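Q: I have a structure to go through before setting up some calculations. Can we talk it over?

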Amino acid sequence: MLLGGIEGGGTKFVCAVGTETGDILTSVTIPTTMPAATLEQTIAFFKKQEVLHNQSLAAVGIGSFGPVDLNPQSEHYGYITSTPKPNWGYTNVAGTVQQAFPDIPIGFDTDVNAAALGEHRWGAAQNWDTFMYMTVGTGIGGGAMVSGRLLHGLIHPEMGHVLLRRRDDDPSERGVCPFHDNCLEGLACGPAIKSRWNIPGEQLPPDHAVWDLEADYLAQAMVAFMTTLSPQGIILGGSVMHQQQLFPMIRQKTLALLNNYLRHPVLEHMDEYIVPPGLGDKAGVLGSIALALAAAEDSAR
Ligand code: ZN
């Protein structure tokens with residue numbers, strides 16, 4: 001089965017064709033420019049892959065930056081909606097891909113829900129049916145699976161904007177989010193790290209004070225999500241989490257903030273509870289292929 005996956009991000013679209021076993025055959029990175037041009041290049045890639053593999057795609061999955069409309073009953077289903085990204089407001093992403101491939105199912109979800117699905121199928125979450133996937137990078141987003149289903153609800157989770165307590169010794173007076181003074185994304189995304197000393201995180205040493213702040217904010221968020229979603233595990237991905245030293249700090253601070261309130265044998269092994277993505281940096285694009293696979297399976301029913 002030839003499956004198409006689109007990891008639609010604010011700076012790049014990663015497109016790939018892969019198989020139902022989670023193997024990527026070919027992938028390409030397309031810069032996110034204007035919507036029409038970006039989607040045109042995306043579609044051209046898949047058309048070319050169909051010729052090269054002498055096979056039609058069985059389905060395409062799209063994991064998109066948001067906010068997106070996931071309600072199939074809505075007139076804007078499949079759209080990127082009220083995004084602050086210039087020119088991308090109310091872009092019909094799924095519909096444009098569907099028009100190019102009218103005979104196959106198109107799966108559509110948030111980028112982080114897609115990554116969660118991929119991790120569930122092939123990665124670190126294979127033994128969990130209620131868990132979350134959070135990416136910490138240029139922005140912060142979280143997706144969740146609850147009892148085996150991706151969580152949508154009213155719109156979809158926006159975990160990056162959970163409000164936190166700003167630490168007194170934080171050198172910045174407010175976070176970088178234009179909407180909130182002290183939300184997780186505003187305090188802990190890549191640009192927030194850079195904003196404090198005007199040095200990007202990847203150039204700061206692993207023992208720099210910023211990582212203690214960063215782990216603190218992420219741990220506050222972990223407590224908020226553990227006490228609301230009751231996840232069996234939490235996956236933290238994205239470029240900021242390449243800072244491996246953060247994992248033990250986040251685990252330890254999360255336990256300290258919980259202060260023994262939540263008790264479960266699993267929480268005695270935090271290194272198996274808060275984990276990096278099993279699929280590494282491919283979680284997003286493989287997640288989109290997992291969305292395609294789910295769409296193909298649904299339509300075969
Ligand atoms: Zn915010």
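What follows is a short exchange about a metal site, some charged pairs and a helix.

Q: Is this an experimental or a predicted model?

A: This is a predicted model.

Q: OK, metal first. Which residues hold the zinc ion?

A: The protein donors are His161 and His180, each through ND1, and Cys177 and Cys183, each through SG. They lie 2.1 to 2.4 Å from the zinc ion.

Q: And what geometry does the site have?

A: The site of the zinc ion is tetrahedral, and the angles among its 4 donor atoms run from 104 to 116°. For reference, the ideal angle for four tetrahedral donors is 109.5 degrees.

Q: How are the donor residues spaced in sequence?

A: The pattern is H-x15-C-x2-H-x2-C. The two histidines, His161 and His180, are 19 residues apart, and each sits in the loop between strand E10 (149-150) and helix H4 (184-188).

Q: Are those histidines buried, exposed or partly exposed?

A: His161 is partly exposed, with a relative accessible area of 23%. His180 also counts as partly exposed, at 26% relative accessibility.

Q: Switching to charges. How many salt bridges are there?

A: The structure holds 9 salt bridges. One of them joins Arg167 to Asp212, where the closest N and O atoms are 2.9 Å apart.

Q: Where do those two sit?

A: Arg167 is in the loop between E10 and H4, while Asp212 is in helix H6 (residues 209-229), so the pair ties together parts 45 residues apart in sequence.

Q: What other partner does Arg167 have?

A: Arg167 also forms a salt bridge with Asp216, with the closest N and O atoms 3.7 Å apart. Asp216 is in helix H6 as well, so this pair ties together parts that are 49 residues apart in sequence.

Q: Which residues make up the network around Arg167?

A: Salt bridges link Arg167, Asp169, Asp212, Asp216 and Lys253 in a network.

Q: Now Arg196. Where is it, and what does it pair with?

A: Arg196 is found in helix H5 (residues 190-197). It forms a salt bridge with Asp170, the closest N and O atoms being 2.7 Å apart. Asp170 lies in the loop between E10 and H4, so the pair ties together parts 26 residues apart in sequence.

Q: Why does Arg196 count as buried?

A: Because its relative accessibility is 12%, and buried means under 20%. Asp170 is buried too.

Q: What else does the Arg196 side chain reach?

A: A polar atom of the Arg196 side chain lies 2.8 Å from the backbone oxygen of Leu187. Leaving aside neighbours within four places in sequence, the contacts of Arg196 also include Pro171, Ser172, Val210, Leu213 and Tyr217.

Q: Last topic, helix H3. What are its length and span?

A: H3 covers residues 111-122, which is 12 residues. From its first C-alpha to its last it reaches 16 Å, close to the 16 Å expected at 1.5 Å a residue.

Q: Is H3 mostly covered or mostly open?

A: Mostly covered, with 9 of its 12 residues buried. Among them are Val112, Asn113, Leu117, Glu119 and Trp122.

Methods. Residues numbered from 1 in each chain as written. Predicted model: local features only at pLDDT ≥ 70, side-chain atom pairs only at ≥ 80, totals over all residues. Heavy atoms only, no water. Helix = DSSP H or I, 4+ residues; strand = E, 2+ residues; numbered from the N terminus. Expected span 1.5 Å × (residues − 1). Buried < 20%, exposed > 50% of the residue type's maximum accessible area, 1.4 Å probe, protein only. Polar contact = N/O pair within 3.5 Å; in protein donor to acceptor, adjacent residues only side chain to side chain. Contact = heavy atoms within 4.5 Å. Donors = N, O, S within 2.8 Å, 3.2 Å for Na, K, Ca; no water. Tetrahedral: all angles 85-135°; square planar, octahedral: opposite > 155°, others 65-115°. Salt bridge = Lys/Arg side-chain N within 4 Å of Asp/Glu carboxyl O.
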